[in-house]
Amino acid sequence: MTDLPFRSTPDLDYFYKDADREELVSAILYSLDRGDGIIKVIGEVGSGKTTLLRRLSQTLSENYQIVYINSPNLSAHDILFFICHEFGISLSPQEPKFFLISKLRDFFIQQHAMGRQPLILVDEAQAMPLETLEEIRLLLNLETDQHKLVQIVLFGQPELDVILSKPEIRQFQSRISHSIYLPAFGVQDVKSYLNFRMRKAGYQGKDLFDTRVAKFISKHSKGLPRDIHVLADRALLAAYSEGTKVIKPSHIGVVPFFQTTLMKLSLLVFVILLMVWVIFNFNPVQLNASTTNNPSQSEDLRTDLPTSEFEKKLEPKGLADWSFDDYKKDIKSSMDFIQSNSDMLYSIQLMTSDLASLQPTMVKLESQDWLEPDQLFYSINLKRSQFTVYYGYYTGYSKAINFINSLPNYILAGDPFIVSKLQVLSYLSDSIQTNITK
């Protein structure tokens, strides 16, 4: 080999185009070419967001004037000054905020007249203070009748979604034209990725990482490239020290088998001893007395409302005929199917509306000839009296994009967007957990 295959620093020579990575870059480019104002890219720590950002920068045409912000935890004033400085606008740091915005507006108009498009790329966007995010949003007010004078792509961790859901920044959320979620690698992608990097580094023999090792690395890295690199590098070093060219799971060094067996035996002994103690010390009379003499404590142990209570809560919203059992069954059925569908990576969030219109909306959608009724499912949020409809179980990002592009105008008006499998499961799980205990 002529290079180290598993360095932790991003290297575009090692950019892996499979596992939807190149498709995601194409999706961002498509959204930018369409003139979208804010695009959001979400990925877990170590999922390859920075590499994707750099690949995007490499792929953009020369018409884009790019500013890259990798330390966004600046104040509203400082972020404007930083953007001015990176665009080459000479200013004093003491200039007031309105003056900075005025200079940026003049610069954007000048670039637009020259056929150039200013673009701001923000890495680690979840670190932005709320007032700074709001200042970024206000830059989008600088526009012509047909074009945004500046476009913004935010790369951030899932915490960014939590921040953007806060009521005080809801206007920012409404400005996001496209949300993209970076998936983790599956087992086959892990295997291909490992051997791809080996060959890119100059290795010419047969595959060092077989399916068994790839499964092991996939399990302990959760499919995140940064952790894949750590484990693979560890395996190479261990194999080299043994003088072997065969990589084995034992080379990865994730808690040897004999240690896990010892821990399991220790836990089993502890559980047995605990059960013996409970059998000889348990007094049911005291327990009954304590619960009957304190009815409020007994009441606090209840986590589920009876069906009748649930229905009473829904009656004011016009859903008196909607059964709790039907609702719970639908949500649980959707979750089970999605969890068992290993090929699914994305779905499409079609719309969100008032809870009272759930039944007529679902009936109307199921009658449309442009969709398959068995691919429709929904979540419910009682706190907001809203429901959200999702459609499709897509194996690739481009397939979901193609479907959105084919939607009728009255659906496109609701601004449908692509959501990841993990995000959908989280919404469905939250629906059941929060609404049952409501």
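Contact here means heavy atoms within 4.5 Å, and helices (H or I, at least four residues) are DSSP runs numbered from the N terminus. This is a predicted model, where local features need pLDDT of at least 70, side-chain atom pairs count only at pLDDT 80 or more, and totals for chains, interfaces and linings use all residues. Residues are numbered from 1 along each chain as its sequence is written, and side-chain values use heavy atoms, with hydrogens and water left out.

**View 1. Helix H9 meets helix H10.** Here we look at H9 (residues 211-221) and H10 (residues 225-242), whose axes come within 9 Å and cross at roughly 130°. Axes are lines fitted to C-alpha atoms, for helices over the stretch in contact, and angles run from 0 to 180 degrees between N-to-C directions. H9 and H10 are therefore oblique to each other; angles under 35 degrees count as roughly parallel, over 145 as roughly antiparallel, 65 to 115 as roughly perpendicular and the rest as oblique. On the H9 side, Ile-217, His-220 and Ser-221 touch Asp-227, Ile-228, Leu-231 and Ala-232 of H10. Sorted by class, that contact has four nonpolar, two polar and one charged residues (Ala, Val, Leu, Ile, Met, Phe, Trp, Tyr, Cys and Pro count as nonpolar, Asp, Glu, Lys and Arg as charged, and the others, Gly among them, as polar).

**View 2. Helix H3 crosses helix H5.** The axes of H3 (residues 76-86) and H5 (residues 130-139) come within 8 Å, crossing at roughly 45°. That makes H3 oblique to H5. From H3, Ala-76, Ile-79, Leu-80 and Ile-83 meet Glu-131, Thr-132, Glu-135, Ile-136 and Leu-139 of H5. By class, this contact has six nonpolar, one polar and two charged residues.

**View 3. Arg-55 sits in helix H2.** H2 covers residues 49-59. Arg-55 counts as buried because its relative accessibility is 13% (buried means under 20% relative accessible area, exposed over 50%, partly exposed in between, with a 1.4 Å probe and protein chains only). Leaving aside neighbours within four places in sequence, Arg-55 is in contact with Leu-12, Phe-15, Lys-17, Glu-22 and Val-25.

**View 4. Arg-199 belongs to helix H8.** H8 runs over residues 187-200, and Arg-199 is partly exposed, at a relative accessible area of 37%. Look for Thr-2 too: the C-alpha atoms of Arg-199 and Thr-2 are separated by 10.0 Å, though 197 residues apart along the chain. Setting aside neighbours within four places in sequence, Arg-199 is in contact with Gly-205, Lys-206 and Asp-207.

Note on methods:
Helices (H or I, at least four residues) and strands (E, at least two) are DSSP runs, numbered from the N terminus.
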